[in-house]
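Me: I have a model open here and would like to talk it through. Could you take a look with me?

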Amino acid sequence: LNYQTARFLTSAPTLAQCPPDAGAEVAFAGRSNAGKSSAINALTQQKALARTSKTPGRTQLINFFSLVGGESQRLVDLPGYGYAKVPEKVKLEWQRHLADYLRNRQSLRGLVLVMDVRHPLSEFDEMMLGWADEQDMAVHILLTKADKLKSGAAKSELQKVRSRLREWEDLVSVQLFSSLKREGVDAAQAKLDEWLVD
Ligand code: GTP
Ligand code: MG
């Protein structure tokens with residue numbers, strides 16, 4: 001697929017307001033500030049398609065980007081979770097919307113779980129993996145900001161995460177990524193192709 005053709009489609013606060021549940025989409029989830037929007041920009045080779053470094057916790061919107069041409073294929077930027085300064089009530093509300101989206105969105109083909117390579121597998125990440133497992137939903141983990149570690153340290157983080165995910169081997173894959181250096185873009189695109197093309 002040509003990810004460079006991605007264009008902003010719409011924003012939705014809840015599942016009910018999402019675009020029609022047809023075609024195929026891949027959603028990007030992860031902690032606030034993990035690098036989800038930057039990853040979408042790296043994958044689509046656009047500088048500012050998804051807004052990055054917004055005040056964390058501000059936006060509670062699900063942002064949809066569609067690929068131009070062919071059938072309806074979408075990339076979805078989910079709100080970040082785990083931002084400490086957000087009131088508990090708001091956090092629970094987001095969790096409800098996220099769970100609702102993951103459990104009920106028929107066109108969702110896979111979940112890209114974005115983690116800062118320096119802080120992988122947070123409690124929230126584990127929760128997402130649990131939800132995905134419930135749905136038999138495929139997950140591809142991007143250990144991003146790999147440029148922040150020396151290559152040996154990044155590889156050893158990758159191995160650690162791999163071994164911790166062994167029980168979910170069939171559904172979960174993982175790779176190193178850097179939006180800054182555009183590392184891992186081809187491998188991530190290949191995974192998206194697997195999910196979105198058929
Ligand atoms: P929320 O939308 O708030 O949940 O955050 P997000 O996950 O979309 O993170 P975003 O892409 O906005 O990136 C957060 C910060 O990390 C920004 O300052 C980015 O420039 C930085 N960042 C993202 N990816 C990378 C990367 O691969 N390398 C480095 N060095 N910095 C990155
Ligand atoms: Mg973002």
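This is a predicted model: local features need pLDDT of at least 70, side-chain atom pairs count only at pLDDT 80 or more; totals for chains, interfaces and linings use all residues.

Me: Fine. What does Ile-141 touch?

Reply: Leaving out residues up to four places away in sequence, Ile-141 touches Leu-113, Met-115, Val-161, Val-172 and Val-174, where contact means C-beta atoms, placed from the backbone, within 7 Å.

Me: And which residues have the most contacts inside the largest nonpolar core?

Reply: They are Ala-27, Phe-28, Leu-113, Ile-141 and Leu-143, in a core of 50 residues. Such a core is a set of buried Ala, Val, Leu, Ile, Met, Phe, Trp, Tyr and Cys residues joined through C-beta atoms within 7 Å; buried means 20 or more other C-beta atoms within 10 Å of the residue's own, exposed means 12 or fewer, and partly exposed lies in between, with C-beta atoms placed from the backbone. Strand 5 (residues 108–116) gives the largest share of this core, six residues; helices (H or I, at least four residues) and strands (E, at least two) are DSSP runs, numbered from the N terminus.

Me: In what order do the strands sit in the sheet?

Reply: The order is 1-3-4-2-5-6-7, seven strands in an open sheet with mixed pairing, and two strands count as paired if DSSP finds at least two bridges between them. Strand 1 (7–12) and strand 7 (172–176) are at the edges with a single partner strand each, so one side of each has no neighbour in the sheet. On average, neighbouring strands are turned by 20° against each other, direction ignored; axes are lines fitted to C-alpha atoms, for helices over the stretch in contact, and angles run from 0 to 180 degrees between N-to-C directions.

Me: How many bridges join strand 5 to strand 6?

Reply: Seven, and strand 5 and strand 6 (residues 138–144) run parallel; Met-115, for instance, has Leu-143 in strand 6 as its bridge partner. Helix 3 (residues 123–135) packs on the sheet, where it touches strand 2 (24–30), strand 5 and strand 6, and its direction makes about 165° with that of strand 5. Helix 4 (residues 151–164) also packs on the sheet, touching strand 6 and strand 7, at about 170° to the direction of strand 7.

Me: Which residues make up the covered face of strand 7?

Reply: Val-172, Val-174 and Leu-176 form the covered face, whereas Ser-173 and Gln-175 are on the uncovered one. Val-172 is also the bridge partner of Val-139.

Me: Switching topic, which residues come nearest to ligand 1?

Reply: Gly-35, Ser-37, Ser-38, Thr-52 and Gly-80 do, out of 20 residues around ligand 1, a residue being near if its C-beta atom, placed from the backbone, lies within 6 Å. Helix 1 (residues 36–44) supplies the largest share of that shell, three residues.

Me: Is helix 1 mostly covered or uncovered?

Reply: Helix 1 is mostly covered, with nine of its nine residues buried, among them Lys-36, Ser-37 and Ser-38. Just after helix 1, Gln-45 takes a positive phi of about 55°.

Notes
Residues are numbered from 1 along each chain as its sequence is written. Chains are lettered from A and ligands numbered from 1 in the order in which they are written. Two residues are in contact if their C-beta atoms, placed from the backbone, lie within 7 Å.
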